[in-house]
Amino acid sequence: MGEVEEAVARAFREEWGRVVATLIRSTGDWDLAEECTQDAFARALERWPADGVPRNPGAWLTTTARNRAVDRLRRGARGAAKERELAMTTDPPPPVDPDDDEDAGVTDERLRLLFTCCHPALPLEARVALTLRTLTGLSTEEIARAFLVPEPTMAQRLVRAKRKIRHAAIPYRVPPGHQLQERLPGVLAVVYLLFNAGYAASTGDALVRTDLTGEAIRLARTLVDLMPDEPEAQGLLALLLLHDARRPARTDAAGELVPLEAQDRSQWVRAGIDEGVEFLDSALRRHQPGPYQIQAAIAACHATATTAAETDWVQIAALYAELGRHVPSATVELNRAVALAMAAGPAAGLAVVDRLEADGALDGYHLLPATQADLLRRLGRHDEAAAAYRRALALDPSAAEVRYLERRLTEVTTDA
Amino acid sequence: MRYLLLICTPEMDDEAQFDQDVVKMNDDYGAFMAEMGPRGVLQGGERLRPTVDATSVRVRDGEVLATDGPFAETKEQIGGYFLVDCADLDEAIEVASKIPGAKGGTIEVRPVWEMEM
């Protein structure tokens, strides 16, 4: 790639979201904002080789996109467009307004955009898609591929979401103080979901999937930059960095899932772990623990253990118990059971799993019998283990999990 | 921006329970009106008789068909509504969350389809 192409690509990664966000703010038209931003990048590819890369690519792109929007609105004959043109040309440019009364001092356009994309009035799938499309500039086709849906379905999802923003008057802003605390978890959840879609993928286009984890980490970084006082944002970034650092060791050469204890720890990315731990420590110093910080702390326990045997399972079991106090959930309890089994022996873990089974909250979830099976196997109760592996297999786990469970099933049935 | 807030709550069929609750409910709605009235968001609103008193009307092939009951049999039914004028959806959500029926019931927030003049 030539120097200029590289500069454009970098500007795309760094500036796309900001330019779109600024344009949405000044035109109120999401489609127009996206199209004009796209045009501005096309123009950059034309102009920069001859004129040189501008000192402030973001400002150049924003100005170019805005001029394009004014141009298009002038040519558009529709009444509404005329009105917007008027608003654009008569109002002082609104994008950099330091005295915005609603936003309590936070005026970064991307944050406004992110909170709007993640508004709870939009369906969850649309929040994720809209965030990717507008903030990271992924094309509809790329997003469709990443989420394994046909492109027209994804396009429809985006159109509907944008329409609802307009028709239901979803405000384009960062919610004020009291609402911010209600809305932030929803934003963090979308970023985490994005990451998981890329991370947990056992199918689909591997390349695009990897991009998703990268985009999620970039969004989390942006959130940390923009909301430095939110320890949960730092906690999320730490969590993503720590998970991502282990990615090279998660699958073997054949693409098989490698369980944590069997992973080659020398393949873990040291720099990612260090950075994750750093963000986690910085978050924890604020003494406002939350679910993402706790999950990051658990991930850090794993990531900083030199060998699987040295994992501090007592600490991990305690962290899961703490997580359960913040977000009571049967899956958290199942994870605690696994940690407890490691800390205090399989029998202790099995008691918790059996209680969960009796509870019924995880009925139909394959990881319940799968965990039960592993613990029974470790206790040498092979017949019961085999029965549990079969129950797990009957619950339609992913292909990689099926292979793992079948391997274990063979193990306990031939050993017996 | 106008929104219709539909108050969907489980219908009470026990008369005694109903009488007891109605006092509390009147107080709660009184407090809601006292807050929203001066704020100027309320454009209208009424409580509705239960669906046993409802009649559903359809015209099919030019024929008027009137039947007993609501248009759909569901556990929660529309028990009342408010028409509000709010700055945006966030304000409408905030107003909806303060309707007493939101506790235990559901408020459906529907933007009014404004006619272009």
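Some ground rules. The model is predicted, so local features need pLDDT of at least 70 and side-chain atom pairs count only at pLDDT 80 or more, while totals for chains, interfaces and linings use all residues. Residues are numbered from 1 along each chain as its sequence is written, chains are lettered from A and ligands numbered from 1 in the order in which they are written, and side-chain values use heavy atoms, with hydrogens and water left out.

Chain A to start. It has 19 helices and zero strands. Helices here are DSSP runs of H or I, at least four residues, and strands are runs of E, at least two, numbered from the N terminus. Of the 416 residues in chain A, 48% are buried. Buried means under 20% relative accessible area, exposed means over 50%, and partly exposed is in between, with a 1.4 Å probe and protein chains only. Now contacts, meaning heavy atoms within 4.5 Å. Take those in chain A between residues at least 6 apart in sequence: 62% join residues at least 24 apart.

Axes are lines fitted to C-alpha atoms, for helices over the stretch in contact, and angles run from 0 to 180 degrees between N-to-C directions. The crossing of helix 1 and helix 2 is right-handed. Handedness is left if the near helix is turned anticlockwise from the far one by less than a right angle, and right if clockwise. Helix 1 of chain A contributes residues including Val8(A), Phe12(A), Trp16(A) and Leu23(A), and helix 2 of chain A contributes residues including Trp30(A), Phe41(A), Leu45(A) and Trp48(A). By class, the contact has 19 nonpolar, three polar and two charged residues. Nonpolar covers Ala, Val, Leu, Ile, Met, Phe, Trp, Tyr, Cys and Pro; charged covers Asp, Glu, Lys and Arg; the others, Gly among them, are polar.

Next, helix 14 and helix 15 of chain A, residues 313-326 and 330-344. They pack at about 160°, axes 8 Å apart. That makes helix 14 roughly antiparallel to helix 15. Here the crossing is left-handed. Among the contact residues are Trp313(A) and Tyr320(A) of helix 14, and Arg336(A) and Met342(A) of helix 15. The contact of helix 14 with helix 15 divides into 12 nonpolar, two polar and one charged.

On to the rings. Rings of Phe, Tyr and Trp (its six-membered ring) pair if their centres lie within 6.5 Å; planes under 30 degrees apart are stacked, over 60 edge-to-face, the rest tilted. Trp30(A) and Tyr172(A) have ring centres 6.0 Å apart and planes at 75°, so this pair is edge-to-face. Trp30(A) sits in helix 2 of chain A, and Tyr172(A) in the loop between helix 8 (151-167) and helix 9 (177-199), so the pair ties together parts 142 residues apart in sequence. Trp30(A) is buried at 8% relative accessible area. Tyr172(A) is buried too, at 18%. Also in chain A, Phe12(A), Trp16(A) and Phe41(A) form one aromatic cluster.

Now chain B. Two helices and six strands. From the N terminus, the order is β-α-β-β-β-β-α-β. Its C-alpha atoms fill a box of roughly 50 × 45 × 20 Å along the principal axes. Of its 117 residues, 27% are buried.

Phe32(B) lies in helix 1 (residues 15-39) of chain B, and Phe82(B) in strand 5 (residues 76-85).

Last, Phe71(B). Phe71(B) is in the loop between strand 4 (63-68) and strand 5 of chain B. Beyond neighbours within four places in sequence, Phe71(B) contacts Ser56(B) and Arg58(B). The C-alpha atoms of Phe71(B) and Arg58(B) are 9.7 Å apart.

Note on methods:
Parallel < 35°, antiparallel > 145°, perpendicular 65-115°, else oblique.
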